[in-house]
Amino acid sequence: MITSQEIRQTFLTFFANKQHAIIPSAPMVVKNDPTLMFTNAGMNQFKDWFLGNTPPEYPRVADTQKCLRVSGKHNDLEEVGHDTYHHTMFEMLGNWSFGDYFKQEAIAWAWELLTDVYKIDRERFYVTCFEGHAPDHLEADTEALTIWRQFLPDARILRGSRKDNFWEMGDVGPCGPCSEIHADLRDDAERQRIDGATLVNQGHPLVVEIWNLVFIQYNRKANGTLELLPQKHVDTGMGFERLCMLLQGEKSNYDTDIFQPIIREIARLCGKTCGAHPQETVAMRVIADHLRACCFSIADGQLPSNAKAGYVIRRILRRAVRYGYTFLGFNEPFICRLAPTLVAEMGTAYPELIARQTLIEQVLREEETAFLRTLETGIRLLDSVMEKHAETKIIPGKEAFQLYDTYGFPVDLTALIAREKGFGVDMPAFEKELEDQKQRSRNAAATEESDWVTVRAAEQTSFVGYDTTTETVHIARYRRVKTKGKEQVQLVFDRTPFYGESGGQTGDTGTIDNGREQIAILDTKRENKLTIHIAATLPADLTSPFTAQVDTARRQATACNHTATHLLHYALRNVLGAHVEQKGSLVRPDYLRFDFSHFQKVSDEEIRRVEHLVNAMIRANSQLDEHRRLPIAAAQAMGAMALFGEKYESEVRVVRYGESVELCGGTHVRATGDIGLFRIVGESAVAAGVRRIEAVSAAKAETLIDNFQDMLRGIGELLNHSPNLVQAIHKVISDNTQLEKQVQAFVAERVTQLKEHLQQHLQIVNGYHLAVLSVNIPPVMVKDLAFRIRNAQPALVFIGGVVHDDKPSLTIALSDDLVERGLDASLIVREAAKEIDGSGGGQKFLATAGGKKNDGLQAAINKAIELTIEY
């Protein structure tokens, strides 16, 4: 049997022989693209080439791309495990042409690979061609149809609708007709009985799409119209897992050698057999699939968290844990124990798995442990909810949603546990709560964008901001954008000194001025390698030259913090060890934030050593050694570290200060001495195995020192300018402790005196012993007194009404025999507290209430007496 590794390599070799450049997979986690969180198709990394933002590096490309589909339009999550061919993480084999070959070659080569190289039976294939779409004035793809007739009879060439056979990148952008290749994996007898053509695109598990050949020849505009692209492109994607199922003669992706080693290990760990029980089989499939998604995401630098992409990964991981917990009996971390099997199977093709195996296992273990605690908490909360609704036996949708949304408790687990105990869940109400939340999120994120309006032709914006903060620019294009009802203008210049937000560094602000009007640049972003300048208004004269001026003070403060981040990275690796790697950063003018891999809290002594090393490098005043276009291999030879999860161009920029060498496109100081001073202000945990340092530099570091000095001076004045503040503070604490003990002794003595006094003056009314207190003492003393006296006599009722700090309070305590007779202090105090405009509660034997109306206190005491003696 041909192995999955052989199948993958055969594909790459085939297209290498067709003069395609074979490039590595892009990271699965997308950065610097606001429209995507994850790579969900093979073409994502070539988006800028399709859009024309950057020229293609190669006319022909092939690769195998790791993809994730769990959110948004491409969401396969709920199907995973329940069918045989949907996955969260999958590999997409693809070949591309950028203005080079088109339909003839794409179709012929696909057929050659499948039938001549892989030697798949030709009788098993059906293909589809676009049938046309009148509303878009699109004719049928007769060109593809004619080419396919060279290989297949008309009975196997099907016509497809716009839904199935017209591919679009999004609501706007490049698009075009596509031709799908479907394979019929059914047994011969079944194929004879039912024509496979009737099952194409009908959701049949054994008649599945294998390869999609997309012919990109149009651009969809914001108004919905289509225009022809100046160059035609080819974008193909073949599902690797489905291809392996076909070539290995299986009926399920999960039966291929991609998944079977993982599934066998799951079965071994839980002591069950895959296939013996439907729910257990689904659980094993879900876990095997989700393990891949989580491991690859962590290897690419995306750790589980509560926000954005991190939340998606946490959700996938927790779904796997829940299936193991519910159906396979796992109540301890187990997914982390599966990671070595995945690494052994896929580490050769994806070496980042091997390099990050320790991190992957530790992150998984900590996340699993935390979620298993969440499950225990959720089950306790669910028990209380079911107790609350014992009469109706229905858990309201709102409460089920609260368990899901606030506590992370899965609703299907709620339903399962409820069903076992004879309860139901109001799922329509739950779905409404969920949809309302989604709608709120959609409304918050809703953005309307017009089409780009071209003012003058410009191949690509050239960035001149490394050398100058002032430049003469022309507007190349613009568009209007409306977010939350607020309209702004996005401008693209032919050249710009403004740095667009990327790599963790915030974007520049400033102005553009043509002598007649000045427009404020509020922010600068990078979107699909396009530098976008955000302004509140559109200039009146779009064609005139403008002087672009960056806010230099803000730029310099940002540059200080960015260079300080590089020095911090170097110092952390020097002090903590070479395992430290950057996991994220934020560089602003007022502070910097740096996330890094490390599995324990950084000690105060280590923080001091890091600070000292950074400041020593600042004092060394190392000059900026910059290499703007260096081959990646040469950059690494200089000592620059390429981070996993980052996508680098073939040529990169290297920034060196002394021994600190980084791949970086950000703005920096001319010499480290420009930073002046560096101080760490905080260290904390971000996620499993990831720590965060927050710091300030330059003027902000001076302000921090000034604030510390002012605070110390103020403390010194309070302590009579003691020469040893620490010793003086210890003395104050010691004296205060002694005074607290004296106060506690006084309070205890005073409570004893009050108890004796009340016992000597008990009122007997209707057989009750009434102890009424109306001395103004702190409520805590009243409560202590109530505990002490309540069982001093049978049938004793204690009522304490006091005003403390100008606030009335009421305390009711009952002896145990009265509680047994049915009296309830919480009911009495709630009713009596109305006299002081208050409310309260507690237990049956003791309850308290606070209020606002001081002059109603005596009435509240009388009410409490009345309610008691009338019982």
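Colleague: Why does Thr565 count as buried?

Modeller: The model is predicted, and the value is computed from it. Thr565 has 3% relative accessibility. Buried means under 20%. Therefore Thr565 counts as buried.

Colleague: Where is Thr565 found, and which residues does Thr565 touch, not counting those up to four places away in sequence?

Modeller: Thr565 is part of helix H17, residues 552–576. With those neighbours left out, Thr565 touches Val587, Leu592 and Phe594. A touch here means heavy atoms within 4.5 Å.

Colleague: Which strands form the open sheet, and in what order?

Modeller: The sheet has four strands, ordered S25-S26-S31-S30, with antiparallel pairing. The twist averages 15 degrees from one strand to the next.

Colleague: What makes S25 and S30 stand at the edges?

Modeller: Strand S25 (582–587) and strand S30 (678–687) each have a single partner strand, so one side of each has no neighbour in the sheet.

Colleague: How do you know that S26 and S31 pair?

Modeller: Pairing needs at least two bridges. S26 (residues 592–597) and S31 (residues 690–697) have six, in the antiparallel sense. The two strands therefore meet the criterion. Across this pair, Arg593 stands opposite Glu694 in S31.

Colleague: Which helix packs on the sheet, and what does it touch?

Modeller: Helix H20 (residues 698–718) does, touching S30 and S31. The direction of H20 makes about 90 degrees with that of S31.

Colleague: Now Leu317. Why does Leu317 count as buried?

Modeller: Leu317 has 3% relative accessibility. The cut-off is under 20%, so Leu317 counts as buried. Leu317 is found in helix H10, residues 308–327.

Colleague: How many residues apart in sequence are Leu317 and His290, and how many Å apart in space?

Modeller: Leu317 and His290 are 27 residues apart in sequence, and 6.5 Å apart from C-alpha to C-alpha. Not counting residues up to four places away in sequence, Leu317 touches Cys294, Ile335, Leu364 and Glu367.

Colleague: Leu364 again. Which residues is Leu364 in contact with, leaving aside neighbours within four places in sequence?

Modeller: Cys294, Cys295, Ile298, Leu317, Ile335, Cys336 and Ala339. Together with Trp148 and Trp211, Leu364 has the most contacts inside the largest nonpolar core, which has 124 residues. Helix H9 (residues 278–299) gives the most to this core, with 13 residues. A second, separate core of 29 residues includes Val614, Ile675, Phe678 and Ala698.

Colleague: What makes Lys103 and Glu143 a salt bridge?

Modeller: The closest N and O atoms are 3.6 Å apart. The limit is within 4 Å, so Lys103 and Glu143 form a salt bridge. Side chains of opposite charge can pair when their charged atoms come close.

Colleague: Which parts of the chain does the Lys103–Glu143 pair link?

Modeller: Distant ones, 40 residues apart: Lys103 lies in helix H3 (residues 103–117) and Glu143 in helix H4 (residues 142–148).

Colleague: Buried or exposed: how do Lys103 and Glu143 count?

Modeller: At 4% relative accessibility, under 20%, Lys103 is buried. Glu143 has 39%, which lies between 20% and 50%, so Glu143 is partly exposed.

Colleague: What about Asp523 and Lys525?

Modeller: Their side chains meet in a salt bridge at 3.3 Å, N to O. Asp523 has 19% relative accessibility and counts as buried, because the cut-off is under 20%. Lys525, at 31%, is partly exposed.

Colleague: Where do Asp735 and Lys731 lie, and how many residues apart?

Modeller: Both lie in helix H21 (residues 725–760), four residues apart, about one turn of the helix.

Colleague: Why does Lys731 count as exposed?

Modeller: Exposed means over 50%. Lys731 has 53% relative accessibility, so Lys731 qualifies. Asp735 has 36% and counts as partly exposed.

Colleague: How many salt bridges does the structure hold?

Modeller: The structure holds 52. Asp136, Arg162, Glu168 and Arg220 are linked in a network of salt bridges.

Colleague: Why is H15 called largely enclosed?

Modeller: Helix H15 (residues 411–420) has ten residues, and seven of them are buried, so the rest of the structure largely encloses H15. The buried ones are Val411, Leu413, Thr414, Ala415, Leu416, Ile417 and Ala418. Just after H15, Gly422 takes a positive phi of about 80 degrees.

How values were computed
Residues are numbered from 1 along each chain as its sequence is written. This is a predicted model: local features need pLDDT of at least 70, side-chain atom pairs count only at pLDDT 80 or more; totals for chains, interfaces and linings use all residues. Side-chain values use heavy atoms; hydrogens and water are left out. Buried means under 20% relative accessible area, exposed over 50%, partly exposed in between (1.4 Å probe, protein chains only). A nonpolar core is a set of buried Ala, Val, Leu, Ile, Met, Phe, Trp, Tyr and Cys residues joined through side-chain atoms within 4.5 Å. Axes are lines fitted to C-alpha atoms, for helices over the stretch in contact, and angles run from 0 to 180 degrees between N-to-C directions.
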